[in-house]
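Reader: Hey, can we go through this one together? I'd like to start with how the terms are set.

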Amino acid sequence: ALFFRLNFFLIILFTHSSTMAYEESSFNIIHQTDVYEIRYYDDRLAIQAAYNNQNSSFRILFNYISGENIDSKKIEMTTPVTLSEKSSEKLMQFYLPVKFTKKTAPLPNDPRVKLITIKEGYFAVIKYSGRTNDKNFNKHKRILQDNLIKDNIEIISPAIKAFYNGPFTLPLFRRNEAMFRIDWKKL
C-alpha cells in the first residue's frame, strides 16, 4: 500500500510539473504529416544571450525576467526556450509575453542580454519527448531534415532546439522540438 501511495504521489507531482501553464508563442499549423508539421509564426519579441554553457545563459536570461532589468520588473516565464546558432555563435532565447512590445519591454541591465524580434516565418517542427540532450535532439533533427528533403522543402536556417518543461519534469512527460525555418511553398 505504501508503494502504491508513493508511486501515485510521484505521478501526480511530475504530471503537474510537466503541465504548468506558461504562455506559449502562438502559431498556425499550415501543413501536417505523420512526422512533422509546418507552422507559421508572427513576429515574436525575445531576449537572447550567447552561450558556451547552456546553464550560464539560462541564468543570465532568467535573471532578466526575475527583475534584473532597467525597470526591476518581474516577467512571467513563457515557452519554449530555444537554442540556435547564428554565424557560428550559439544563442539561447526566452520569448516575452505577448503583452510586451519593443517599446514597453524593460531594457536589460546586463549587456549580454539582447532584446530582439524574431521575424515572422514558416518553421518545420518535429515533436519528441525524452531528455533535452544533444543526442536526442540530433536524432530528431536528422529525421526532420530527411523528411523535408524527401518532400522538397527548402531549409533556410540551422536547426533550432525548443524545450517546454522544467528540469524536474520526467523525460517521459517532456515536450521537446527540433525546428528549421523553411521556405514554404504549398505542396
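Author: A salt bridge is a side-chain nitrogen of Lys or Arg within 4 Å of a carboxyl oxygen of Asp or Glu. Accessible areas come from the Shrake-Rupley method with a 1.4 Å probe, and for residues only the protein chains shown count as cover. This is a predicted model, where local features need pLDDT of at least 70, side-chain atom pairs count only at pLDDT 80 or more, and totals for chains, interfaces and linings use all residues. Residues are numbered from 1 along each chain as its sequence is written, and side-chain values use heavy atoms, leaving out hydrogens and water.

Reader: OK, which residues make the nonpolar surface patch?

Author: L170, L172 and F173 make it, at about 280 Å².

Reader: And where is F173 found?

Author: F173 is in the loop between β11 (160-163) and β12 (176-183); strands here are DSSP E runs of at least two residues, helices H or I runs of at least four, numbered from the N terminus.

Reader: Why is F173 called partly exposed?

Author: Because its relative accessible area is 33%, and partly exposed lies between buried (under 20%) and exposed (over 50%), using a 1.4 Å probe and protein chains only.

Reader: Switching topic: how many helices and strands does the protein chain have?

Author: Three helices and 12 strands.

Reader: How much of the chain counts as buried?

Author: 42% of its 187 residues. The chain exposes about 11300 Å², with carbon and sulfur atoms supplying 56% of that.

Definitions and conventions:
Patches are made of residues with over 30% relative accessible area and no salt bridge: like charges are joined within 9 Å, nonpolar side chains (Val, Leu, Ile, Met, Phe, Trp, Tyr) within 5 Å.
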